[in-house]
Amino acid sequence: MQPFKFVDLFAGLGGFHLALDRLGGECVFAAEWKEHLRDLYYTNFGLKPAGDIRQVLPEDVPDHDVLTAGFPCQPFSKAGEQLGFECTEQGNLFHNVAAILEKKQPKFFVLENVPNLLKHDGGQTWEKIQAILRGLGYHIAAERFSPHNFGIPQIRERVYIVGSREPLGAFAWPETTDAETKIDTVLDDNPVSAKKLSAQVQECLDVWDEFLQACPADVDLPSYPLWSMEWGASYPYEDTTPWALRKRLGVDGLKGFKGSHGAKIGYLRSLEERWDGLPSHARTNEFRFPKWKQDFIRQNRQFYEDNKAWIAPWLPKILKFPSSLQKFEWNVKGGERDIWKYVIQFRASGVRVKRRTTAPSLIAMTDTQVPIIGWQKRYMTPQECARLQSLDDLKELPKSTTQAFHALGNAVNSRVVERVARALLEHPSKCEAVVEHVLEAA
């Protein structure tokens, strides 16, 4: 592959930089708005990124052959508010990328974002992005990949968008593998630097392990999220909602119903007390719940009715924990019912238990959302998470563990990027175009 120049926008820890450097690229410009990551980028690559891309004039960006950008995903993520281009802080940053493409007209680009980008706003956001990129003279293609598709033990699907000023007729995405991965390949053996579990986390997981032990062997544990607060609840959720009743009838609208974990709320005098007695997911300002929420509530209530004999004696033990720890996802269907044999992660959606084949998706996480290695009863270290993101070639990570985990959760996987970029740059007509550029420059 011939040498080429590239720019690294929203650079973060430099996943794009590592990937394209391995392909023979030279980074001539980077941009990153967080100061501590700019300093770290200089330490790792000898190049100090510019700051906020909104303050960068497109004409000031050096000429380059490849533009790379993992533009902010939060405006399009299902885990956020999905404001898209309407997000005033981050949603319109794609347009800064487009402005650089328009001014500098590199031969190729590689963009990365969350898969929901393709479905956001009923697909209209993706249609707008395609129209903008094609309007700038690019032929584009998009595909979703996860690190585990390439033998890396992490499930973290992202959409990759590639563009070329030449047709992509013979372009082929990199081949994937179905081979099973093992998280042990990125783990150290009981590292002394690993954060231990707090007393509350230990106790919560012990309580959920008791739930697993109490479950009869002939009862099939469902893979949908178990919402313990729905076990015993009776508030309406199909034809109306608590919010609708509250708006129409005030305090009387919540009379006679049971709230979280079957607690009676009718005896409570004030409207706010009754409202607080409902599960948090039932207190949304909706006159009708979406179908997915109705389905989860229905499934959970039925599961409780079918298994009340063994769940009811256990149920009081979960009441002392925060709402997010009262939800449970068993992603180990058919596996041994011992929570300490698996990979665990605390998310807003609940306590997730996964097989030892892969790690959960790394997110821009707090320390408490870092995957837990159950059989060693400790959290993963930043170094282990860096291996999941194929960033273990970096000289340094952020010194603060909180900053390290946050940056790793926002990072692109350098090996996945490398596969995608190689497929684009090795496309026959593209290689000829790069060679012509190098000869002209010489």
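Helices here are DSSP runs of H or I with at least four residues, numbered from the N terminus. The model is predicted. By that naming, lysine 247 sits in helix H6, which covers residues 242-249. Two further helices, H2 and H11, are also described below.

**Arginine 38 in H2**
- Helix H2 runs over residues 35-45 and contains arginine 38.
- Arginine 38 is buried, yet has no salt bridge.
- The nearest side chain of opposite charge belongs to glutamate 35, 4.7 Å away; a salt bridge would need a side-chain nitrogen within 4 Å of a carboxyl oxygen.
- Leaving aside residues up to four places away in sequence, arginine 38 touches Glu32, Trp33, Lys48, Pro49, Ala50 and Gly51.

**Helix H11**
- H11 has 12 residues, 414-425.
- From its first C-alpha to its last, H11 reaches 16 Å, close to the 16 Å expected at 1.5 Å a residue.
- Nine of the 12 residues of H11 are buried, so the helix is mostly covered, with buried meaning under 20% relative accessible area.
- Among the buried residues of H11 are Ser414, Val416, Val417, Glu418 and Val420, and the list also includes Ala421, Ala423, Leu424 and Leu425.
- The N-terminal end of H11 is capped by asparagine 413, with a side-chain oxygen 3.1 Å from the backbone nitrogen of arginine 415.

Key
Residues are numbered from 1 along each chain as its sequence is written. This is a predicted model: local features need pLDDT of at least 70, side-chain atom pairs count only at pLDDT 80 or more; totals for chains, interfaces and linings use all residues. Side-chain values use heavy atoms; hydrogens and water are left out. Helices (H or I, at least four residues) and strands (E, at least two) are DSSP runs, numbered from the N terminus. Buried means under 20% relative accessible area, exposed over 50%, partly exposed in between (1.4 Å probe, protein chains only). Lys and Arg count as positive and Asp and Glu as negative; His and the chain ends are not counted. Contact means heavy atoms within 4.5 Å. The expected span of a helix is 1.5 Å times one less than its number of residues. A polar contact is a pair of N or O atoms within 3.5 Å; within protein, one must be able to donate a hydrogen and the other to accept it, and residues adjacent in sequence count only if both atoms are side-chain atoms.
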